[in-house]
There are 2 protein chains.
Amino acid sequence: MVISVDAYLLDVSAEKLIINVKKSIFEYIRNMLSKKTKYGIKALAFIAKKSDRKPVQTSEISKSENISQKFLESILLELRKSGFLGSKKGKGGGYYLIKEPESILMTAVIRVLEGPIAMVPCVSLNYYEKCDDCPSEETCSVHSLMIQVRDSTLKVLGDNTLADISAKK
Amino acid sequence: MVISVDAYLLDVSAEKLIINVKKSIFEYIRNMLSKKTKYGIKALAFIAKKSDRKPVQTSEISKSENISQKFLESILLELRKSGFLGSKKGKGGGYYLIKEPESILMTAVIRVLEGPIAMVPCVSLNYYEKCDDCPSEETCSVHSLMIQVRDSTLKVLGDNTLADISAKK
DNA sequence: TAATAACCTATAGAATTAGTAGGTTATAAA
DNA sequence: TTTATAACCTACTAATTCTATAGGTTATTA
């Protein structure tokens, strides 16, 4: 008996097989917090930990926190543009806090880096948007649940300042 | 003076321009809750609302909740396989609850449809995973903050059952 | 036997993330 | 004045994921 299979098709399906096996073994875990936000928070905490207000270089944070320097550059730039950091160019330059860590709420940081705190736009306070697929907000079973989630998350993030999360060694 | 520009390149950059303009006008809002989960919750609530335990057809839910029927099929199938629903084939068939709505916690529903409730894998109770980029969990400034967020979210989702979210008309 | 509705497999477009590449500009020290 | 430094800027891309669609097969009921 001879079984003839097109080699290309075999290759393709073998590849699919491997992908599916990988998926079932290392099941994908959805990341709610983007790396950008995570790195941004880490960088802010790193800068806040240094009690002197001398500029901190991207390269130092990058090494210490194991973050791609180029990626980090873009994040710190954004944090500067949104008013969390100041910067200085040239030797001895870097980024520094322009407000007290105690006055920087984590809600503000996350809103700038990540966007809305709500899990669906239709319950977002700062980024509200009607769900285009939703027949009615009033009868929506998800809506009120997500309002509760939003409020409890807001409470936590509003209770934590940059000083709080930088405190622990 | 003659300016010569390759027509293809012009087309390509014009397209990019449009994309960037669109991005800056309709700024992207990150959706934390996937449509799959949202639709799944809506479908469960829809089924729970019907006091009789007769099977509900995918087509009925699809129309009423404005959800793509094929997409919904795959979601309900998953909910059946994970033990939330029973099904019946053929005419008069459909999906039905196999537990009381009062006993179905939203934590369970979301964990099956969405995956972890935590915003980072390193604070997930059911899907724990070390962050590969993180030098140390103990000194991580994001870690403890995300534990607080996780706990407050768990509290809300654990306090709500399917009966609760189906209650409101 | 015919209609129905769940079940199954494969595929695909769009959007987004997480970077990389390759520069330019401003500042400080030499 | 030159040189090194570090922020700043623009463009691109590979990989991943989401949200479906297409086109069936199987089981059940009328």
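A polar contact, as the term is used in this talk, is a pair of N or O atoms within 3.5 Å; within protein, one of the two must be able to donate a hydrogen and the other to accept it. With that term in hand, I shall present this structure, which is a predicted model.

Let me begin with one residue that illustrates the definition. The side chain of B:Ser124 reaches the backbone nitrogen of B:Tyr127, at a distance of 2.8 Å. B:Ser124 lies in the loop that runs between α5 and α6 of chain B. Is this serine buried or exposed? B:Ser124 counts as buried because its relative accessibility is 7%, and the cut-off for that class is under 20%. If neighbours within four places in sequence are set aside, B:Ser124 is in contact with B:Pro116 and B:Ala118.

Chain A contains 7 helices and 2 strands, and their order along the sequence is α-α-α-α-β-β-α-α-α. Chain A has 169 residues, of which 46% count as buried. When one considers contacts in chain A between residues at least 6 apart in sequence, 59% of them join residues at least 24 apart.

Next, the arrangement of the chains. In general, two copies of a chain are related by a rotation about an axis and a shift along it.

How much area do chain B and chain A bury between them? The figure is about 4400 Å², with 60% of it on carbon and sulfur atoms. In terms of residues, 49 of chain B are in contact with 49 of chain A.

In a salt bridge between A:Lys35 and B:Asp133, the closest N and O atoms are 3.6 Å apart. The elements giving two or more residues to the side of chain B that touches chain A are α2 (35–49), α3 (58–65), α5 (106–113) and α6 (141–159) of chain B. Of these, α6(B) gives the most, with 11 residues. By class, that side of chain B has 25 nonpolar, 11 polar and 13 charged residues.

Methods:
Residues numbered from 1 in each chain as written. Chains lettered and ligands numbered in written order. Predicted model: local features only at pLDDT ≥ 70, side-chain atom pairs only at ≥ 80, totals over all residues. Heavy atoms only, no water. Contact = heavy atoms within 4.5 Å. Buried area = accessible area lost by both parts, 1.4 Å probe. Salt bridge = Lys/Arg side-chain N within 4 Å of Asp/Glu carboxyl O. Helix = DSSP H or I, 4+ residues; strand = E, 2+ residues; numbered from the N terminus. Nonpolar A, V, L, I, M, F, W, Y, C, P; charged D, E, K, R; others polar. Buried < 20%, exposed > 50% of the residue type's maximum accessible area, 1.4 Å probe, protein only.
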